[in-house]
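I opened my notebook to look up how this chain is put together. Here is what I went to see, entry by entry.

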Amino acid sequence: MTRPPRISVAAPSLDGNERDYVLECLDSTWISSVGRFITDFEKAFADYCGVKHAIACNNGTTALHLALVALGVGPGDEVIVPSLTYIASANAVTYCGATPVLIDNDPRTFNLDPAKLEALITPRTKAIMPVHLYGQVCDMDPILDVARKHGLKVVEDAAEAVGATYKGKMSGALGTCATFSFFGNKIITTGEGGMITTDDDELAAQMRLLRGQGMDLNRRYWFPVVGFNYRMTNIQAAIGLAQLERVDEHLAARQQVVAWYDEKLSRLGNRVIKPHVEDTGRHVFWMYTVRLGEGLAISRDQVIKDLDGLGIESRPVFYPMHVMPPYAHLATGDLANAEVCGADGLNLPTHAGLSEADIDRVIAALDQVLV
Ligand SMILES: *Cc1c(COP(=O)(O)O)cnc(C)c1O
């Protein structure tokens with residue numbers, strides 16, 4: 001008997017001008033970090049987000065680090081970060097010599113709970129980093145209110161939320177600045193890559209300076225500060241520009257996948273809790289994320305193994321930062337929702353290349369496994 005093909009949890013869609021643009025880089029020999037695709041991709045991304053500046057980086061983690069350094073975050077400072085996130089969010093704070101202060105999340109949206117923000121603010125707090133987890137923008141109005149009241153910067157970690165919106169604005173246009181990731185499994189990809197967006201001219205100039213080893217932008221080989229090499233290559237930007245040209249089609253294909261899940265998962269009754277979508281804007285569903293219902297005999301990790309045996313890849317929701325060795329000392333008494341979601345949450349296959357038959361297979365497998 002032939003086995004059906006494996007269904008992966010994520011997969012890039014490279015069905016546009018990616019190939020032509022990469023060949024243009026090779027044919028022109030512009031393969032390093034100068035070239036027309038860098039400027040074109042930055043311009044197109046800024047326009048897409050509705051901001052003045054976009055600064056391309058070599059990945060989403062360096063984008064976060066660069067943003068924090070440019071904002072002046074350093075030793076002794078505190079940055080409020082959700083415990084339920086990908087570890088890069090907290091690591092970027094640590095790279096600055098600053099301390100991540102962990103905040104709990106809303107168990108329905110997985111995003112940080114703004115009601116818990118103010119209690120965590122100290123005289124050392126410099127910034128808040130709302131992470132738009134799995135593609136849904138955080139409830140930004142109360143976060144921005146708290147930031148204004150206390151004079152804090154807001155760095156959106158929008159790594160998973162290209163194209164997501166909040167009250168008519170794009171993710172990337174909501175905070176002091178925002179960062180994105182273009183890793184292979186994200187909404188759009190450049191292989192490895194990242195971007196920072198901001199409306200602040202001075203901040204953007206500082207980021208460009210620091211991205212290129214600290215070299216004065218108007219005086220070559222003059223270095224007024226210690227910077228980094230966080231540049232993106234023209235080849236990465238070539239892929240990114242082609243991805244951005246087709247992002248609306250790819251987001252629409254994801255919404256179709258979501259519609260199939262929403263409809264068909266109802267068959268499983270209360271064995272799974274479907275994702276909660278706020279009515280504040282567009283959730284782009286980087287990952288269709290469910291929680292397991294109560295009273296099941298099977299554990300979440302066994303569900304992942306059993307699905308794998310049926311040819312379906314799935315992933316656990318992120319482990320909260322405070323349960324892992326580097327950040328265990330930051331545990332507070334108020335991170336219970338992060339622990340619950342980290343224990344029973346499951347990312348189902350979500351990408352633009354999935355067919356209705358694929359989703360039927362995922363549902364049938366869940367039906368078989370969830371006992
Ligand atoms: C992917 C991701 C990052 C880091 O991006 P890389 O490009 O992998 O360095 C940061 N934060 C979040 C929430 C992410 O999902």
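**Entry 1**

I began with I273, which stands opposite R291 in strand 11. Before going on, I noted that this is a predicted model, where local features need pLDDT of at least 70, side-chain atom pairs count only at pLDDT 80 or more, and totals for chains, interfaces and linings use all residues. Residues are numbered from 1 along each chain as its sequence is written, and side-chain values use heavy atoms, with hydrogens and water left out.

I also wrote down the conventions for the elements: helices (H or I, at least four residues) and strands (E, at least two) are DSSP runs numbered from the N terminus, and two strands pair if DSSP finds at least two bridges between them.

Next I looked up V272 and found it opposite L292 in strand 11. Strand 10 and strand 11 (residues 288-292) pair in the antiparallel sense over 2 bridges. On to strand 13: 4 bridges join it to strand 11, and the two run antiparallel. Here R291 stands opposite G345.

**Entry 1: around strand 11**

How many residues of strand 11 are buried? I counted 5 of its 5 as buried, meaning under 20% relative accessible area, with exposed being over 50% and partly exposed in between (1.4 Å probe, protein chains only). I checked the side chains too: Y288, V290 and L292 point one way, T289 and R291 point the other way, and all are buried.

**Entry 2: two loop residues**

Is D279 buried or exposed? I found D279 in the loop between strand 10 and strand 11, and it is exposed, with a relative accessible area of 76%. Its C-alpha atom is separated by 34 Å from that of E202, 77 residues apart along the chain.

I looked up T109 as well, in the loop between strand 3 and strand 4. T109 counts as buried because its relative accessibility is 7%. Leaving aside neighbours within four places in sequence, T109 is in contact (heavy atoms within 4.5 Å) with Q136, H276 and E278.

I traced 7 strands in an open sheet, in the order 1-9-8-5-4-2-3, with mixed pairing. Strand 1 (53-57) and strand 3 (99-103) are the edge strands, each pairing on one side only. Neighbouring strands of this sheet are turned by 25° against each other on average, direction ignored.

I followed strand 5 (residues 153-157) to strand 8 (residues 177-181): 3 bridges join them, and they run parallel. The bridge partner of V155 is C177, and that of E156 is A178. Helix 5 (residues 140-150) packs on the sheet, touching strand 4 (125-128) and strand 5, and its direction makes about 150° with that of strand 5.

Strand 4 and strand 5 pair in the parallel sense over 2 bridges, and A127 has K153 as its bridge partner. Strand 5 is mostly covered, with 4 of its 5 residues buried.

**Entry 3: domains and cores**

The domain assignment (bounds from an automatic or database source) gives domain 1 (18-104 + 112-245) and domain 2 (247-369). Their C-alpha centres lie 26 Å apart, and the contact takes 35 residues from domain 1 and 36 residues from domain 2.

Which residues have the most contacts inside the largest nonpolar core? I listed F41, F45, M140, V162, F180, F182 and I188, in a core of 64 residues. Such a core is a set of buried Ala, Val, Leu, Ile, Met, Phe, Trp, Tyr and Cys residues joined through side-chain atoms within 4.5 Å. Helix 2 (residues 36-49) gives the most to this core, with 7 residues. The core draws at least three residues from each of domain 1 and domain 2. Another core lies apart from it, with 27 residues, among them I312, L346, V369 and L370.

Methods:
Axes fitted to C-alpha atoms, helices over the stretch in contact; angles between N-to-C directions.
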